[in-house]
Amino acid sequence: MKRVRTLAGALASVPITLFGLVLITFVIGRVVPIDPVVAIVGDHAPPEVIARVRAELGLDRPLPVQFLIYVKNLLHGDLGRSVMTSHRVTTDIAQYFPATIELATAAIILALLVGIPAGVLAASRQGSRLDHIVRVLSIGGQSVPVFVLGMIFLLIFYVKLGIAPGTGQQNVLYEGMVPHITGMHVIDAALTGQWDAFWDGLAHLALPALVLAYFSLGYITRMTRAYMIDALKGEYIITARAKGLSGARILWRHAFGNISVGLITVIALAYANLLSGAVLTETVFSWPGLGLYLTVSLLNADMNAVLGATLVVGLVYIGLNLIADLAYRLFDPRVR
Amino acid sequence: MSAHVEMRDLRVAFPSPRGPVEVVHGVSFTLGAEKLGIVGESGSGKSVTARAILKLLPRAATISATRLTFDGIDVLGASERQMRAIRGKRAGLILQDPKYALNPVMTAGAQIAEAWRVHHRGSARQARAAAIDLLAQVRIRDPGRVAALYPHELSGGMGQRVMIAMMLAPDPELLIADEPTSALDATVQAEILRLIEDLVARRGMGLILISHDLPLVSHFCDRVMVMYAGRVMEELRAANLSAAQHPYTRGLLDCLPSLIHPKDRLSVLKRDPAWEG
Amino acid sequence: MSDLSTPLSGNAAGLRAWLLSETPDSRRQAAWGRSYRGWLNFRRNPLGMAGLIIVLALLVLSLAAPLLTWQSPDVQHLAQRLAPPSAAHWLGTDELGRDLYTRLLFGGRITLGMVVAVVVLVAPLGLVVGAVSGYLGGMTDRIMMRVTDIFLSIPQLILALAFVAALKPGISSAVIAIALTSWPPIARLARADALTVRANDYIAAVKLAGASPARIIFRHILPLCLPSVIVRITLDMSGIILTAAGLGFLGMGAQPPMPEWGTMIASTRGYILEQWWVPTIPGLAILIASLAFNLLGDGLRDVLDPKQS
């Protein structure tokens, strides 16, 4: 019963945040200097056509009514049509988003595998040379512009050393051979047993994933280190030492055990921020994900597509925060 | 029985921006299978002295002594691995406040079972059974239920019992209790002290009881060591407390209200800078 | 230090003693003493000092840009396009034969100018919203924190991109967009501090003395929220630089031919294979600037806000 109540508490704030998100995208959509009607029918359409389309879109109504129409359309899963691709924006997003998830997930796995042990070890040897190296590297990760890092990686590993494939998600050889099942190329290739395409996809994934991973590595390492330093100051660490436990057990079971739930929030935030980083990385690596879709739409002033993509990223962001919040309430005995 | 602990001229210093600061200036004592009380104000170095026996000080601390042995083992020269064989297994440490001294995300039972398992060979099930048995030994009424509770769900007195059970798990020869009752309610304090006294007597353990409460310590211990500003002022048998010579000890005793010789105004301790010198 | 009108200010040792006095005679002396002790602490942090020196160097280089070069950032010499570094062009030239070194210097003005503009907009807003919200609590707090939640529910770069797209690409839109997306974390931080400060007894004392909420917030709460906000903003400056450069790179920030670093990379990234230094050099400039602010912020955190590090 108590648990149900804490979960309800976490969920209660979601509708308000969602409403705010929708309001923001709506407001952005209305302040655009480009007339959405002209964007659809073109500059040279006769005035009566413009007036008709305007009425069809509900743009002649007062703003609050327009907002209600906007919300109603959203609830029906209608984000409008993209002027650029002339598909429904939802169709486009379903097409491009999985590639971004694939990239961001690969990156977060790499970042966690390196960042958490690095942060834990740095904290356990605070002030040592290792700690300083970890500190400088993680500050570096937070300082380097991803698009510059991406370019330099391409230059070194693709152009100079030739050990990585170039841009894109796959070699042209495999174009169209892997069906769209989950939309994540590597997984689809594995599911259909096309191992050549699978390895090729993995190779294409490596560089952009590394670049993105370094982007969140700094944040994850830093937070892990800070949390661990705090945890290691706890009296219960002295208790654990007094019990005669080994250093590794004290570090991982007792200190890390205390911060692992808090780290879920950090990881959720890091993952959400990867979606930001993905916009730039995808542009550099021509990765056919939501970020690339967003930038191309931006350059074409395709507002339906821009706002649709923004809304979807916002939804994912809210969803991740909610998961972190729920995990915190479920797994931390102090909250439970 | 040989002396458990022998300490000669212990000095402990901590680094500070203005160079190392010595907080313990040459403390010496020996301890057999007996109950020693260390009394002093906060900052007198009593906790640091006791923790030095198990080398449980922060890494930044520098410890030196002409002799510091636990049952003949040179503590200062011992490796971390050798120390782990002493900590818990041969000497337990009870800290002041169970609210902070217990791991907040492990159940009471898991923490006791862990202490048992480090020093005994046995399965997880045996460790769990041992934990419940230990909880019963520290007179917890429903040990099976309490074992499944997290520290924040325990009262202060229960938490301290869990702490004691955890430190008894490996059957140590010496128990160091660092202000074990200061964080507890007055009514619970006496129960916990009686429990410690009883367990120490039954298991034939040595005890170091650290406290700021001189009458309490003298009541429970065989011997009392009075510390002030990192030095031992006086060491005497608890029974002879009224015959204390040192002006600091006398001063502490005089500050206490008495029902037999009531005074209008309690005397205030006058500190002599020479005690620090 | 002209306002140190003490008789001791003439000699350095006396000044030091005055600053480090354990028993300051005036509130001013105590405040100066505290800053001086903070500075002594900060000076011991080599990484923080490195950050401070680079930040100062960047400021000087950008402000003095016209004095440090004899070329113009906009003049094109198509005959000398994509020249490697040489005596005439220290860092070479770009795709239109413009001197890269000169463009880099002038680009620093744009980047630092954007940083300053964002901070000027964001710091007071975040600080006031946070302090008011934390001190007043209740409904005000709940509404304000909901609003920050909403802004925090979209990644900064993406929200900034959407804003810029709506406003029309350019430096001022980029500044507004970055500002709109960076005040909420600062407000949250100031609120957290205000909540702890509010619980202190001396606030209760001030309240009993009859001080108005506005006076309590501005005289007693805000100053105590300042240290962590300063640290946060310094660390944020690096984020602002990266976002500004990212917007430029995507064509949504400063527009060519402005010598903004991100824009410079965008217009020359095609040359990465043959003349790799042309897009790489502005990339390094962004890295150095953002690194410097991160190091500075990290060092400041150790001094001003030990609990955060």
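Me: Which word describes how α6(A) and α14(A) lie to each other?
Reply: In this predicted model, the axes (lines fitted to C-alpha atoms, for helices over the stretch in contact, with angles from 0 to 180 degrees between N-to-C directions) of α6 (residues 89–124) and α14 of chain A come within 10 Å and cross at roughly 55 degrees. Angles under 35 degrees count as roughly parallel, over 145 as roughly antiparallel, 65 to 115 as roughly perpendicular and the rest as oblique. α6(A) and α14(A) are therefore oblique.

Me: What kind of model is this?
Reply: Residues are numbered from 1 along each chain as its sequence is written, while chains are lettered from A and ligands numbered from 1 in the order in which they are written. Local features need pLDDT of at least 70, side-chain atom pairs count only at pLDDT 80 or more, totals for chains, interfaces and linings use all residues, and the model is predicted.

Me: How many charged residues are in the contact of α6(A) with α14(A)?
Reply: From α6(A) come A:Val89, A:Asp92, A:Ile93 and A:Phe97, which meet A:Asn304, A:Ala305, A:Gly308, A:Ala309 and A:Val312 in α14(A). By class (Ala, Val, Leu, Ile, Met, Phe, Trp, Tyr, Cys and Pro are nonpolar, Asp, Glu, Lys and Arg charged, the others, Gly among them, polar), six are nonpolar and two polar, and the charged residues number one.

Me: Which helix gives the largest share of the side of chain A that touches chain C?
Reply: Here 41 residues of chain A are in contact (C-beta atoms, placed from the backbone, within 7 Å) with 39 residues of chain C. Two or more residues on the chain A side come from each of α2 (14–31), α7 (129–143), α8 (146–160), α12 (247–285), α13 (290–299) and α14 (303–331). With eight residues, the largest share is that of α14(A).

Me: Which pair of chains shares the most contacts?
Reply: Chains B and C do not touch, their nearest C-alpha atoms being 9 Å apart. That leaves two pairs of chains in contact, and the most contacts are shared by chains A and C.

Me: Which element gives the most to the side of domain 1 of chain A that touches domain 2?
Reply: An automatic or database assignment divides chain A into domain 1 (2–75) and domain 2 (95–331). Their contact takes 13 residues from domain 1 and eleven from domain 2. On the domain 1 side, α1 (2–12) and α2 each supply at least two residues. The most, seven residues, comes from α2(A).

Me: How does α3(C) stand to α5(C), roughly parallel or roughly perpendicular?
Reply: The axes of α3 (residues 46–63) and α5 (residues 100–136) of chain C come within 8 Å and cross at roughly 115 degrees. That angle makes their arrangement roughly perpendicular.

Me: Which residue in β9(B) stands opposite B:Ile176?
Reply: Strands β8 (residues 174–178) and β9 (residues 206–211) of chain B run parallel and are joined by five bridges. Opposite B:Ile176 stands B:Ile208.

Conventions. Helix = DSSP H or I, 4+ residues; strand = E, 2+ residues; numbered from the N terminus. Pairing = 2+ DSSP bridges.
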